[in-house]
Amino acid sequence: MTKLLATLAALITALLAVPIACAALVTSGSAAAEPEMVTDPGCLQAAPAAGQWRAPLATGYAITSRFGMRLHPVRRVWKLHNGVDLVAPPATPVVAAAGGTVTTASSHPAWGNHVLIHHTGGITTLYAHLATIKGGIKPGSRVAAGQVLGVQGSTGYSTGAHLHFTVTVNGTDVDPQPFMTSHGAPLDGHPTATTPARPTEGTVEGGVGFDLPQPAVRQDSLHNPALPIPAEVEKLYKDAATKYGLPWTLLAGIGMEETAHGRNTSTSSAGAQGLMQFMPATFAHYGVDANHDGRTVITDPADSIHSAANYLVASGALKGPDGIRRALFAYNHADWYIGDVLHYAHTYGGGTVTGTTTNCEPGVEAPVGPGAEPLPAGESDLVLAWAKTKLGGPYIMGAAGPTAYDCSSYVQAAYRTVGITMPRTAGDQRDWLAAGHGQRIPAGQEKPGDLIFINSYLGPTRIGHVALVWNPKTKQTIEAASSNRGIIIGDYKSWTSKQIFEIWRVNG
């Protein structure tokens with residue numbers, strides 16, 4: 001059975017490593033081109049909570065069998081027990097230990113009713129011997145930490161009601177006890193809340209971040225090893241990465257692939273110029289005056305590197321692992337190019353993208369169709385009534401309840417009370433609304449329960465905060481405001497001067 005689980009995990013990893021589909025491949029003259037907009041149906045689903053772990057049972061429990069070699073209780077053979085067995089009171093809900101995507105939800109002769117979830121970082125978790133699998137949990141479903149998957153049971157090879165819980169990392173089963181301890185959720189018999197004491201490295205609003213994906217197909221990097229980076233160029237990579245929320249190693253990967261970090265900046269046969277090899281027409285649109293000398297110069301290393309970061313973000317690099325692949329494909333339409341850049345990026349240290357785990361494209365304010373209706377009367381009252389019950393509670397960056405929230409998980413949970421599931425981060429919530437789930441409301445026409453989005457700590461060009469309208473007459477909000485203010489009744493009188501100030505109404 002260990003081999004079966006390893007095979008499943010390897011298959012999942014292989015599928016996730018496949019680059020985005022492309023209609024045509026350009027195999028020479030790599031240069032940044034206009035990004036291609038790709039509609040991703042995943043945009044219409046909720047993004048999972050990420051970076052948070054908890055015990056996989058909703059109540060207290062006992063460990064009855066640990067990871068390691070043992071005599072199988074049913075088959076009576078000496079073999080590896082590739083997980084831990086947890087026993088809780090009858091009918092205890094089994095919950096996701098972390099956010100991720102369901103890859104299996106079915107019956108098996110040995111595992112019985114079981115669910116397999118893929119998480120970021122090459123991690124999968126298995127929940128076996130369930131009495132039942134909750135409706136709606138199926139392959140492709142995105143689940144949050146603590147979301148109910150089913151009920152503890154004794155299906156498959158089992159001698160009594162319990163949960164078999166396995167953790168697999170990059171295809172290898174590992175002992176769940178030290179793994180969970182290292183992820184802030186020790187298997188000590190107590191259910192754990194999904195509220196980390198502080199953000200982990202790479203965490204942004206919403207608690208979301210993801211690792212750079214691994215390369216698949218490669219070409220130039222097979223025979224051109226990564227070269228040392230000049231100190232002044234590395235500083236530019238790091239400065240641009242900090243500003244745009246990217247790992248600096250991703251920019252280094254492009255710089256190595258394009259010009260070996262400025263060692264060869266001659267104009268390409270296609271007309272691309274500068275350290276990051278921009279086409280002049282693309283640079284005219286995405287160029288950045290990074291050194292603030294009043295000029296945006298395609299051959300200036302600082303301008304070139306910051307412009308590349310700007311272009312990658314505009315092309316979707318902050319929208320999950322597939323967003324990274326999509327952005328690199330926009331830079332050069334070749335699958336091997338994606339692999340080369342990612343290989344170099346990992347050679348220089350890899351890293352975490354401070355983005356989201358969903359592939360939502362930036363939404364547009366399309367006309368609302370005939371089926372897009374505002375919330376039924378009274379539902380916004382229910383949303384606000386739930387929000388009010390959390391007043392005075394703590395704000396923790398990355399928390400998703402039940403006792404602490406950040407701004408977007410607070411809004412997400414409030415709307416979940418009326419059966420509406422929206423993405424996890426403020427930026428994705430706005431894009432989800434603009435993709436057909438909401439209506440842009442002119443200032444002065446807002447109603448209680450509408451959502452206000454503004455730019456904040458992520459910079460002037462990215463949405464970083466969301467709040468619920470509480471009283472439009474007095475311009476008051478109800479929101480998870482900040483770590484020092486918690487969940488409060490605030491106001492938005494001064495927000496209209498923000499570079500981003502948008503009011504949206506959720507469709508029913």
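Axes are lines fitted to C-alpha atoms, for helices over the stretch in contact, and angles run from 0 to 180 degrees between N-to-C directions. The model is predicted, so that local features need pLDDT of at least 70 and side-chain atom pairs count only at pLDDT 80 or more, while totals for chains, interfaces and linings use all residues. Residues are numbered from 1 along each chain as its sequence is written, and side-chain values use heavy atoms, with hydrogens and water left out.

**View 1. Packing of helices H7 and H8.** Helix H7 (residues 320–331) packs against helix H8 (residues 335–347) at an angle of about 115 degrees, their axes lying 9 Å apart. H7 is therefore roughly perpendicular to H8, a term that covers angles of 65 to 115 degrees. Contact (heavy atoms within 4.5 Å) is made by Ile324, Arg325, Leu328, Phe329 and Tyr331 of H7 with Tyr337, Ile338, Val341 and Leu342 of H8.

**View 2. Burial of strand E20.** In strand E20 (residues 501–506), six of the six residues are buried, that is, under 20% relative accessible area with a 1.4 Å probe, protein chains only. Phe501, Ile503 and Arg505 cover one side and Glu502, Trp504 and Val506 the other, and all are buried.

**View 3. Strand partners of E20.** Strand E15 (residues 438–440) runs antiparallel to E20 and is joined to E20 by three bridges, with Gln439 opposite Arg505. Strand E16 (residues 451–455) also pairs with E20 in the antiparallel sense, over four bridges, and here Leu451 stands opposite Trp504.

Key: Buried < 20%, exposed > 50% of the residue type's maximum accessible area, 1.4 Å probe, protein only. Helix = DSSP H or I, 4+ residues; strand = E, 2+ residues; numbered from the N terminus. Pairing = 2+ DSSP bridges. Parallel < 35°, antiparallel > 145°, perpendicular 65-115°, else oblique.
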